[in-house]
Amino acid sequence: MKKIIATILSIFFTTSVFAKNIEILTTSTLKGPPGVVINTISDLTRNTGLKFVAKQTSGCGEAVDLFNNAKEPIAIIWSDTMFKHTETTKQNCVIDFEKAKAIAVTFSAVDICVAKGFELKNGAELTLGNNKFNPQMSQLVHMNNNNKNIKFKSVTYEGSGSVVSALINKEINVGITATANAASAIQAGSIDCLYSTGSTKYGQKPLSEFAGKNALSEFKLGMMLFVKNMSAEQIIALEKSLTNGFISAMDQQNLINSKVGINKADLDKFIATARANVQYQ
């Protein structure tokens, strides 16, 4: 009888406390690394009774407003470029950290890629493909300060995926893209990624060896999962489910330096980096 009662209580607990969908917001597009993180979280929590559903908003200001003012359980993938976006877009793209719980973090390195077999020759004049979410002016300056006296002219695309396509179609000579976005094209033999701000998975060298040590060569997009209005039981279930696969899943998706279980030092460092990124325009 006790076993039957325990089973009934377990079913009731799962369906009543965990049954509702929990929206998980992103401060940028779902097509890039944040979308990869959201899909992974949804997959890993599927058997816990928690159901995370991605919600695309019109921009970081709307996403943060929804998160800050939510009364129901909600989650957000907040990136360490959001203080910068607050400055540049004049929206509030910064969540209320005092009312949010940090759960996990991962980072996306940035790669410098070329079409398969293309060589970066001394003194060349080349086109550099970037995407509109990146700080294009400073990236162009840093890339032009390279050790091969190459001069780049910037071409802007909608996102990293478009940059990769432009490389494959030879619309540009060189592209700046997240490793995660470049991975399938690298594996297919369509492009080579020569330098990276953190990944060595495909034989990349540190970007500092080409462009010098600067804000670009040190940059990695940080993405931290925050939740709000979730019960202690829900948070325990969430952290437990992510502990069992988040880091390995991120590695498979070419994301780096992942961690589940964020302490105060982790959070303070993440926020400090986000504040420092304001200067990286």
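Predicted model: local features only at pLDDT ≥ 70, side-chain atom pairs only at ≥ 80, totals over all residues.
1. Buried means under 20% relative accessible area, exposed means over 50%, and partly exposed is in between (1.4 Å probe, protein chains only).

2. Residues are numbered from 1 along each chain as its sequence is written, and side-chain values use heavy atoms, with hydrogens and water left out.

3. Start with Lys90. Its phi is near 65 degrees, a positive value in a residue other than glycine. Lys90 sits in the loop between α4 (82-89) and β4 (101-115). Helices (H or I, at least four residues) and strands (E, at least two) are DSSP runs, numbered from the N terminus. Is Lys90 buried or exposed? Lys90 has a relative accessible area of 69%, so it counts as exposed.

4. Next, look at Asn254. Asn254 is not a glycine, yet it has a positive phi of about 65 degrees. Its place is the loop between α11 (246-252) and β11 (256-260). Asn254 is buried, because its relative accessibility is 7%.

5. Now the salt bridges. The term means a side-chain nitrogen of Lys or Arg within 4 Å of a carboxyl oxygen of Asp or Glu. How many salt bridges does this rule give? The count comes to four.

6. One of them joins Asp43 and Arg46. The closest N and O atoms of this pair are 2.8 Å apart. Asp43 is partly exposed, at 44% relative accessibility. Arg46 is exposed, with a relative accessible area of 57%.

7. Another salt bridge pairs Lys116 with Asp192, with the closest N and O atoms 3.1 Å apart. This pair links distant parts of the chain, 76 residues apart. Lys116 is in the loop between β4 and β5 (125-131), while Asp192 belongs to strand β8 (residues 191-196). Lys116 is exposed, with a relative accessible area of 51%.

8. Lys264 and Asp268 also form a salt bridge. Their closest N and O atoms are 2.6 Å apart. Where do the two residues lie? Both are in helix α12 (residues 264-276), four residues apart, which is about one turn of the helix. Lys264 is exposed, at a relative accessible area of 64%. Asp268 is partly exposed, with a relative accessible area of 37%.
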